[in-house]
Amino acid sequence: MADPMKIRANVQGDVAIVRVLMAHPMETGQRSQGGKKVPLHFIQSITAQLNGTTVFSADISQAISRDPVFAFRVKGAKAGDKIVVTWTDNKGETRTDETTVRGGS
Amino acid sequence: MQETRRSVIRAGGALALLALTGTALLKPGRAHAAWNKSAFEAKSAIDAMKALGMSSPEESRDIVIVAPDIAENGAVVPIEVTSNIPGTTSISVFIEKNPFPYTGTFGFAAGSVPFVHLRAKMGETSPVRVVVAAGGKHYTSAKEVKVTIGGCGG
């Protein structure tokens with residue numbers, strides 16, 4: 001089981017900025033270790049939901065950096081709303097984490 | 001097999017269709033189409049765009065790409081894209097000189113702002129090309145990022 005994501009969601013004006021840090025090796029399949037190629041292992045899809053409605057989704061390749069970081073902006077989110085983020089990798093592993101939107105700063 | 005009669009599928013490959021319907025069933029409510037294997041495996045940005053149905057996008061000044069002019073570490077290149085085109089539904093990123101240029105597509109739905117921040121690996125100095133889908137049309141812009149140390153292989 002992969003390590004939990006770190007998700008932060010802060011309201012700024014009428015927009016909530018959501019930042020996600022995922023723990024994942026994101027192997028490109030091009031790196032070798034001890035003379036052997038390290039096989040491809042990377043996150044393929046990400047979805048984010050605000051109170052159960054999908055607001056952001058991503059299909060990504062192995063070109064995304066190790067321990068991926070993403071940020072996106074959701075309009076109309078208020079303090080106390082729930083953000084749920086799910087990722088799935090090419091080996092079928094998946095992880096879902098959630099956070100509560102925090103008030104403006 | 002009724003499908004075999006449909007020339008569209010014969011041309012496009014039944015596999016792609018299977019993958020598409022399969023994942024669509026598993027993940028309802030996705031903001032855009034399922035993981036496009038042929039686009040991700042394409043070795044040039046043009047082939048990847050073709051596989052995504054994004055041929056001949058229009059140049060646009062309304063796409064803002066924020067990325068370093070010179071990236072010291074190709075393993076972590078921060079890229080920020082904002083689209084000011086009304087009705088933007090997705091932002092796709094291609095790093096033209098990577099072994100597999102197609103880096104990802106970010107879909108926006110239900111009131112999310114067409115903005116994304118990501119960190120990508122870059123093998124060498126290359127233009128970062130962005131294609132925005134809005135209202136059934138495609139728009140593009142690019143920014144050159146110089147890489148002093150490669151982020152692929154090792």
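A residue is buried if 20 or more other C-beta atoms lie within 10 Å of its own, exposed if 12 or fewer, and partly exposed in between, with C-beta atoms placed from the backbone. Of the 154 residues of chain B, 37% count as buried.

This is a predicted model, in which local features need pLDDT of at least 70, side-chain atom pairs count only at pLDDT 80 or more, and totals for chains, interfaces and linings use all residues. Residues are numbered from 1 along each chain as its sequence is written, while chains are lettered from A and ligands numbered from 1 in the order in which they are written.

**Chain B**

Chain B has four helices and nine strands. Here helices (H or I, at least four residues) and strands (E, at least two) are DSSP runs, numbered from the N terminus. The order from the N terminus is α-α-α-α-β-β-β-β-β-β-β-β-β. Two residues are in contact if their C-beta atoms, placed from the backbone, lie within 7 Å. Among contacts in chain B between residues at least 6 apart in sequence, 62% join residues at least 24 apart.

**Where the chains meet**

Contacts link 28 residues of chain A with 35 residues of chain B. On the chain A side, these elements give two or more residues each:

| Strand of chain A | Residues |
|---|---|
| S5(A) | 43-50 |
| S6(A) | 53-60 |
| S7(A) | 69-75 |

S6(A) gives the most to this side, with eight residues.

S6(A) also pairs with S6(B), residues 102-108 (strands pair if DSSP finds at least two bridges between them). Five bridges join these strands, which run antiparallel. Asp59(A) stands opposite Thr105(B) in S6(B).
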